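User: Hi, I'm new to protein structures and would like to go through this one piece by piece. Can you help me read it?

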Amino acid sequence: MKNFISVNDVPDINALVAKALAYKQNPFADRTLGADKRIGLLFLNPSLRTRLSTQVAAKNLGMEAIVFNVDKEGWALEFEEGAIMSGNTVEHVKDAAPILGQYFDILCIRTFPSLKNREDDYSELVMNSFVQYAGVPIISLESATLHPLQSLTDILTIKETFAASHKPKIVLTWAPHVKPLPQCVANSFAQWVNSWGEADFVITHPEHYELSEQYTKGATINTNQNDALKDADFVYVKNWSTYNDYGKIYSNDPAWMLTEDKIKLTNNAKVMHCLPVRRNVELSDEILDSANSLVTKQAGNRVWAAQAVISEILSGL
Ligand code: CP
């Protein structure tokens with residue numbers, strides 16, 4: 001694996017999940033694999049789980065991890081080709097990225113979308129610029145449109161939890177939120193579950209919250225949440241803003257919040273969320289604090305997903 005930007009970088013999802021689960025059993029199995037190697041974690045946006053789980057994963061592999069909060073501590077970066085930099089940006093990514101590539105063996109980037117211009121966000125200019133100019137492998141810690149480390153974690157959490165012999169029914173449901181959020185987690189989850197191909201996959205959302213078909217193709221879309229939830233083994237709860245009329249909140253119907261009553265429609269489904277979660281807006285306390293909730297286990301598994309990815313990249317250096 002050269003870079004880890006999307007599921008398209010992964011030749012075999014099940015093999016990568018198996019590797020992650022093996023690290024969960026034996027975190028220090030490859031404790032010297034990353035000896036004398038350095039990983040840089042660049043944050044253009046906030047994080048709790050991604051930042052810390054990636055640091056722990058790197059440490060388990062013997063790497064030194066250095067975090068740089070570019071948004072707060074760095075020069076404002078310019079990404080536009082040919083920009084006349086007479087405004088607020090101070091340093092072009094063409095100049096900064098190759099330098100970072102000399103300091104680090106692997107570079108990880110987190111960047112969020114603007115949610116103002118869909119074409120700009122979906123062009124993935126920030127992530128692609130680092131891939132183009134850094135000269136070292138790049139790991140996405142979430143980009144403008146995707147969150148692959150989260151999705152790998154989600155598949156491995158489903159695989160380690162599901163014991164029945166039938167195909168799991170997985171439902172991705174939109175949930176209300178107070179702010180317009182990126183589509184990254186939902187896009188990425190859909191992309192990974194569709195590529196994995198070992199689930200009956202349903203996406204449910206109110207009208208106007210259609211995601212890009214490039215990620216959802218292969219899933220069943222149902223705008224009736226109660227209908228979609230029937231017999232679900234896993235319910236993945238996530239808010240996203242509109243894709244078509246980009247970055248908007250059209251309705252915030254509280255009836256879309258997942259509650260105990262809705263779990264009764266499912267096959268006693270396990271409930272997932274990437275976190276952070278707005279309690280009693282996206283998900284009720286009764287669900288989050290119940291035995292159905294996988295959110296803590298899921299967030300814990302971020303370490304093993306990150307460790308498997310870093311290990312794969314280290315093996316190719
Ligand atoms: N799920 C997730 O990416 O969490 P953070 O934003 O805290 O990293």
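User: Which strand pairs with β7 in the parallel sense over five bridges?

Analyst: Quick background: this is a predicted model, where local features need pLDDT of at least 70, side-chain atom pairs count only at pLDDT 80 or more, and totals for chains, interfaces and linings use all residues. Residues are numbered from 1 along each chain as its sequence is written, and side-chain values use heavy atoms, with hydrogens and water left out. Strands here are DSSP runs of E, at least two residues long, numbered from the N terminus, and two of them pair if DSSP finds at least two bridges between them. β7 covers residues 169-174, and its parallel partner over five bridges, at residues 234-238, is β10.

User: Which residue in β10 is the bridge partner of L172?

Analyst: Look along β10 for the residue bridged to L172. That partner is Y236.

User: What is the strand order of the open sheet of five strands, and which strands are its edges?

Analyst: The pairing is parallel, and the order reads β9-β8-β7-β10-β11. An edge strand pairs on one side only, and here that goes for β9 (220-222) and β11 (270-272).

User: Which residue in β5 is the bridge partner of F43?

Analyst: β1 (residues 38-43) and β5 (residues 106-110) pair in the parallel sense over five bridges. In β5, F43 is bridged to R110.

User: Which residue has a polar side-chain atom 3.0 Å from a nitrogen atom of the ligand?

Analyst: Start with the residues around the ligand, meaning those with a heavy atom within 4 Å of it; among them are R110, L48, C274 and Q150. A polar contact is a pair of N or O atoms within 3.5 Å. The side-chain atom you want belongs to Q150.

User: How much of the 250 Å² that the ligand exposes when taken alone does the protein bury?

Analyst: Accessible areas come from the Shrake-Rupley method with a 1.4 Å probe. Of the 250 Å² exposed by the ligand alone, the protein buries 94%.

User: Which domains each give at least three residues to the shell around the ligand?

Analyst: The bounds come from an automatic or database domain assignment. At least three shell residues come from each of domain 1 (7-146 + 301-315) and domain 2 (150-299).

How values were computed:
Helix = DSSP H or I, 4+ residues; strand = E, 2+ residues; numbered from the N terminus. Polar contact = N/O pair within 3.5 Å; in protein donor to acceptor, adjacent residues only side chain to side chain.
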